Amino acid sequence: MSSRSLLRHVAELRHGSSRARLERRHLSSRQKNGKHEGDEKTDPNQQLQSLVYNPSAYYQNRVGLSVRSRSSEVDEEKKEASPSFVSGALRLRGNLYTVTSSRRLSSAKNTLLSLAFSGDADGKRDKPVKNPKDVCTDVEGNPFRAFQRCRPEYSNITHDASCRPPDLHIKEALLLLHEVNLLKGTMEPSDVTSVLCELGRVAPGETVVVRGDARFHMLLRCCVENLQNFTHSQLLEVLRAFVALGLSPSHGALGPLEHELACRSGVMELEELLLAADLWRNLGRSVPQYLEKLCDAISRHFGQMGPAELVQFLYLLGEGRHCPASLLRPLESLLARHLDRLKAEELVTVCLGLFKAQGSLSEGAVRRLVDRTLAVIEHVSDVGLVNVMKLMRFSHLDHVPWLEAMGSEVPRRAPQMGVQGLMHMALACSALHYRDDRILLAVAQNLPQQASQCRSKDAAKLLWAFGNLGVVPDRCPGLYPRLTEALRERQAEFQRFPEHLLTALLGLAFAGEFPHDLLSMALSPEFVGRASRSQQLELKKDLFTLDGTVGVELPDWTGPRLSVPFREEVTKQLWDFAQSDVCRKPEVLEAEAVLKELLGGEAFVHKRMILPHMRSIDLEVHLDPSDQPLPVTPHPLHISSSSWAWEVGRTGVTLTDDLLARLTHAKNTPAERPAQGPALRPVDSQGEREGVISVGIDLTDGLQHVLTKPRGRSSKVLPRQAGRRLAVQVTNRNHYCYRTQQLLGLQAMKRRQLELVGYRVVELPHWEWFPLLRRGCAEKLAYLHCKIFSS
């Protein structure tokens, strides 16, 4: 049989010729009678009967290419591609193209073939994609690929498995493989391509039969040996056939194919480049080598990229989880050019692609993208809303109109949203420090009935988000208990993801919830050791915060605690960082200097981490019962004759609360006064920092002298327990919910714990202290005097 006759056979298959099927059966009968020496001794029709009439013994239904069915076949594919299986099945008598003869090739080519058909070697070299949930190739069934229905142009650059040709019966496929076995080494690239395309028509539930056939592996070997002789379009058709056949992402034949396409990327057309990348994505294989070459080659085609090509490229970058910095500015320009032409699903795909690829466009570009999406929000899917929130979370974009729109959209859509969509909504609000009870309570109301579907990751991030935004358990009675129970049901996942348990417990601690069993697990030596060995995540700080919280808030705790060396190690790390960062901030340095001047010198102000596990510093001040400053040291300090305890004199001007209020009163314009509640207004952040205070009266030198007049020299140090301990905190906007005066979870928990250990917290909020930084020393002294000595 010639190569030409095989092609004619393929053409007949495509036209469904019954006569061709009779001829093939006749040919098969002749082969059975010994007309072809060197053929297999087993009658292919006997194989056919055993395979066709008992199909459940060989495969399971893969309708829709679900993630579960795909993952269940990975092990099976490794068996199919294993060297022992292939070599045993291909020992054909008289065959000059058996596995044995192929080892006569050059050492370099033989290495390539060894890699191509070694499932173990290739499995280590090329792993499947990290998250296979988007492997589904059906545009209709995959919301992340819904954008490909927006324009006909996508048909040239994407693969849609829902557009399948008529199925090829498994009998025809096996007979076709039998004829391939007869041709062996005489097949041309066009023959291989045609046969693979025909095999790709086999119904998804029966492809496992083809993939397990030894003759199919022989066909793959022939393909790999001659890759350099295939045209670009033939390589793409081969790859499309592999997608249709459901080839395992780790199959050995795919490595050489990726290498070949990567080498040709510099001379391929734009449509070919994008189609190849999409086929790899549909196959579920991570191809960093090809994507790197794609990014290098794409700059030649920027002028040809329309809306479809731009959106598809950004989608591919997102699935590859990387965007070269050199592409960001050209992509931003292209996006600006096509933005008004993009449809709703394309806009949210751009958002998701930028988020996954960690592509940092300028704030203006992201804001315009969200503006455009907001204009068509009625056409945006539920998944699309989540995609936009992901990008805003990554970009730290406070797009107030979009956030306000979510206040009405989320309650309406929440009943139809899945667990992960609801989780990402709450997590984005938490990351943006944006509390809108309409959003959060809608999420809380619809989560408990879906809690059984929560992964440990979902439960952890939800608890963190709600605790961080200060949503107390009383506001959502069913949320905290159900998510805590979900954590207990998912304890096995903490072996691989210890960070999820710590995240969840910190979120619960923010809300004042302390499940003893989970805390005991997190602080157990086994868990601490596993978390401390994590190479990718820094979990020691989380463990330290949790341990310190237990020590303060659970005085009767009898469970495990961190060791002293562990605490000392993390404390040193945190203090070293604080000294290089927080301690050097201008607002902190100025507060420290003014306090020293007000109270009498360095001995009376101590900048330190009162609660080291809270990861932040305070300015500690001690006062005796008569409100005289005390030195803040572990041991009494000798006070020199030049040091004074400052206080306001009893004669002259009386410094009343009303006068101090007038001295430090600022005209609270909208740009300076934090908004109350979720309704937010755009403001100029620079104006908030640099607003000018309007003082009621002028602080003359005489008045300043009265305010700071020393009444007498103090050399007596009173016992610490006889006075009061103050923790002076200089806060900033990141400590509060967006444009409100409500503290976020960690800061609120710190205030609570400082009070538990006997400190009175004195806050210098940013909306008061930052504007004062540009004022005179007298006004700062008056302000701090009011803060320190006011009851």
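A residue counts as buried under 20% relative accessible area, as exposed over 50%, and as partly exposed in between, with a 1.4 Å probe and protein chains only. This is a predicted model in which local features need pLDDT of at least 70 and side-chain atom pairs count only at pLDDT 80 or more, while totals for chains, interfaces and linings use all residues. Residues are numbered from 1 along each chain as its sequence is written, and side-chain values use heavy atoms, with hydrogens and water left out.

Next, select Cys 323, which counts as buried at 10% relative accessibility. Cys 323 is in no disulfide (a pair of cysteine sulfur atoms within 2.5 Å), and the nearest cysteine sulfur, that of Cys 295, lies 6.8 Å away. The structure as a whole holds 0 disulfides.

Now select residues 382-395, helix α22, together with residues 419-431, helix α24, whose axes are 9 Å apart and meet at an angle of about 30 degrees. Angles under 35 degrees count as roughly parallel, over 145 as roughly antiparallel, 65 to 115 as roughly perpendicular and the rest as oblique, so α22 is roughly parallel to α24. Finally, display the side chains in the contact (heavy atoms within 4.5 Å), which α22 makes with Leu 385, Val 386, Met 389, Lys 390 and Arg 393, while α24 contributes Gly 421, His 424, Met 425, Leu 427, Ala 428, Cys 429 and Ala 431.

Terms used. Axes are lines fitted to C-alpha atoms, for helices over the stretch in contact, and angles run from 0 to 180 degrees between N-to-C directions. Helices (H or I, at least four residues) and strands (E, at least two) are DSSP runs, numbered from the N terminus.
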